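Please work through the exercises below with the sequence and the model side by side. Each task is followed by a solution that goes step by step.

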Amino acid sequence: SNTVGLEVVLRWFGVQEGDEVIVPAYTYCATANVIVHCGAKPVMVDVNADDFDVCLEKVREAITDKTKVIMPVDLGGMPCAYDELFELVETEEVKTLFQAKTEEQGKLGRILILSDSAHSIGAEYKGRKAGSLADVSVFSFHAVKNLTTAEGGAVTWRRDLGLDDAALYRRYMLLSLHGQD
């Protein structure tokens, strides 16, 4: 499911107690719950009144040295302003605040952008498909979504993150199966 996918990504990235994850206040409870399940603190920020996208200024204000992930939500299948989010996390000011605690965080060297793409399979943003817009995107195949298998989900990640895709896949499988191989 999208919920499990989001939690697995947070655990893979090493999100833990003492860390913060920025999420929009207008979302489904599972988006924030997975952060709590990892022991971290959800930091809720407001959304724009006109498009319900996460407010970039509020995100900027919420970033601290404890921030590990920004988790925008493609509400109603409308992709967020990903280019602007990437511009923000790539600024020297924000990158200087970032304190890597794990090998994965060190490899990325900045805040991870993890998209709650539960509703946006098939959506496009500036000519690019959902699933390729954030560092990692998680989709839902629940019965009320626009593509359904009655339940389930999918996780996609950008191939240009400098990660070992095979190792990442093996780690995801172990996490999703509670350590069983």
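The model is predicted, so local features need pLDDT of at least 70 and side-chain atom pairs count only at pLDDT 80 or more, while totals for chains, interfaces and linings use all residues. Residues are numbered from 1 along each chain as its sequence is written, and side-chain values use heavy atoms, with hydrogens and water left out.

**Exercise 1. Classify the aromatic pair of Trp 12 and Phe 13, and then that of Tyr 82 and Tyr 125.**

Step 1. A pair of aromatic rings is described by the distance of the centres and the angle of the planes. The rule takes rings of Phe, Tyr and Trp (its six-membered ring) with centres within 6.5 Å, and calls planes under 30 degrees apart stacked, over 60 edge-to-face and the rest tilted. By this rule the count comes to 3 aromatic pairs.

Step 2. Trp 12 and Phe 13 have a centre-to-centre distance of 5.6 Å and an angle of 40 degrees between their planes, and the pair is tilted. For burial, the cut-offs are under 20% relative accessible area for buried and over 50% for exposed, with partly exposed in between (1.4 Å probe, protein chains only). Trp 12 is buried at 5%, and Phe 13 is buried at 0%.

Step 3. The ring centres of Tyr 82 and Tyr 125 are 6.1 Å apart with the planes at 80 degrees, so this pair is edge-to-face. It links distant parts of the chain, with Tyr 82 in helix 4 (residues 82–89) and Tyr 125 in strand 5 (residues 124–125), 43 residues apart; helices (H or I, at least four residues) and strands (E, at least two) are DSSP runs numbered from the N terminus. Tyr 82 is buried, with a relative accessible area of 0%, and Tyr 125 is buried as well, with 11%.

**Exercise 2. Which side chain of opposite charge is nearest to the buried Asp 53, and which residues does Asp 53 contact?**

Step 1. Asp 53 is found in the loop between strand 2 (41–45) and helix 3 (56–62).

Step 2. With Lys and Arg counted as positive and Asp and Glu as negative, and His and the chain ends not counted, the nearest side chain of opposite charge is that of Lys 126, 9.8 Å away. Asp 53 has no salt bridge, a term that stands for a side-chain nitrogen of Lys or Arg within 4 Å of a carboxyl oxygen of Asp or Glu.

Step 3. A polar atom of the Asp 53 side chain lies 2.9 Å from the backbone nitrogen of Ala 81. Leaving aside neighbours within four places in sequence, Asp 53 is in contact (heavy atoms within 4.5 Å) with Val 47, Asn 48, Cys 80 and Ala 81.

**Exercise 3. Describe the phi values of Phe 52 and Lys 126, and the exposure of each residue.**

Step 1. Most residues other than glycine have a negative phi.

Step 2. Phe 52 has a positive phi of about 60 degrees although it is not a glycine. Phe 52 lies in the loop between strand 2 and helix 3 and is partly exposed, with a relative accessible area of 41%.

Step 3. Lys 126 also has a positive phi, near 50 degrees. This lysine lies in the loop between strand 5 and strand 6 (128–129) and is exposed, with a relative accessible area of 54%.

How values were computed:
Polar contact = N/O pair within 3.5 Å; in protein donor to acceptor, adjacent residues only side chain to side chain.
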